[in-house]
Amino acid sequence: MITNKPTHIPVPGEDILYTAGPVTGVPDYGKARFAHVTHLLREEGFEVISPIELGRIVDGTYEDYLLRDIKYGVVPATALVMLPGWPHSRGAMGELNTAVTMGYPIGIWDSSRDVVIWVSDFRETVPWPCG
């Protein structure tokens, strides 16, 4: 069942969070926002993977970055935190789709309060009945 009431809230020291948000077309690639959120989550005891910290790919294309971020960011994580502006980011939407497919809890960063609002947990998603 898809629900907006998570059955699993990520736990510091147990879960690995991946931060997803806009990079392309954002001043300084959103480094300050990613750094701020990553710092606060780490202070709470979480291991955090940030696409900004994964580094630069020499002569990398958009697709190179997206594949790298999914392989080394989303896949090893256990939950996703969506940063402001994510609905307008093709990359963040791809990362979200991957995380939903993998059954991760999804959180939205509330920058007005500097907190994650956990909105969905797809670990108990069941297929839509056919026929």
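Student: How many bridges pair β1 with strand β3, and in which sense?
Tutor: First the ground rules: this is a predicted model, where local features need pLDDT of at least 70, side-chain atom pairs count only at pLDDT 80 or more, and totals for chains, interfaces and linings use all residues. Residues are numbered from 1 along each chain as its sequence is written, and side-chain values use heavy atoms, leaving out hydrogens and water. Strands pair if DSSP finds at least two bridges between them. β1 and β3 (residues 79-82) run parallel, and the count of bridges is 4.

Student: What share of the residues of the protein counts as buried?
Tutor: Buried means under 20% relative accessible area, exposed over 50%, and partly exposed in between, with a 1.4 Å probe and protein chains only. The protein has 131 residues. The buried share is 40%.

Student: How much of the accessible surface belongs to carbon and sulfur atoms?
Tutor: The areas come from the Shrake-Rupley method with a 1.4 Å probe. The accessible surface of the protein is about 7700 Å². Carbon and sulfur atoms hold 59%.

Student: Which residues of β1 point the other way from Ile16, Tyr18 and Ala20?
Tutor: In a regular strand the side chains alternate between the two faces of the sheet. For strand β1 (residues 16-20), 5 of the 5 residues are buried, so the rest of the structure largely encloses it. Ile16, Tyr18 and Ala20 point one way from β1; pointing the other way are Leu17 and Thr19.

Student: Which residue of β2 stands opposite isoleucine 16?
Tutor: β1 and strand β2 (residues 47-49) run parallel, joined by 3 bridges. Opposite isoleucine 16 stands glutamate 47.

Student: What is the hand of the crossover from β1 through α1 to β2?
Tutor: View the strands pointing away from you: the crossover is right-handed if the path from the first strand over the helix to the second runs clockwise. The chain goes from β1 through α1 to β2, and this β-α-β crossover is right-handed.

Student: Why do the buried residues of α1 lie on the same side?
Tutor: The buried residues of α1 are Phe34, Val37, Thr38, Leu40 and Leu41.

Student: What length does α1 reach from its first C-alpha to its last?
Tutor: Helix α1 (residues 31-43) has 13 residues. The expected span is 1.5 Å times one less than the number of residues. That expectation is 18 Å, and the reach is close to it, at 18 Å.

Student: Which elements are among those covering the buried residues of α2?
Tutor: In helix α2 (residues 62-74), the buried residues are Arg68, Asp69, Ile70, Gly73 and Val74. Contact means heavy atoms within 4.5 Å. The cover includes β1, β2, β3 and α3.

Student: Which residue of β4 stands opposite valine 81?
Tutor: Strand β4 (residues 105-110) is mostly covered, with 5 of its 6 residues buried. β3 and β4 run parallel, joined by 3 bridges. Opposite valine 81 stands glycine 107.

Student: What distance separates the C-alpha atoms of serine 120 and tyrosine 104?
Tutor: Serine 120 lies in strand β5 (residues 115-121). Serine 120 is buried, at 12% relative accessible area. Serine 120 and tyrosine 104 are 16 residues apart along the chain, and their C-alpha atoms are separated by 8.3 Å.

Student: Is aspartate 59 buried or exposed?
Tutor: Most residues other than glycine have a negative phi. Aspartate 59 is not a glycine, yet its phi is positive, about 60 degrees. Aspartate 59 sits in the loop between β2 and α2. At 70% relative accessibility, aspartate 59 counts as exposed.

Note on methods: Helices (H or I, at least four residues) and strands (E, at least two) are DSSP runs, numbered from the N terminus.
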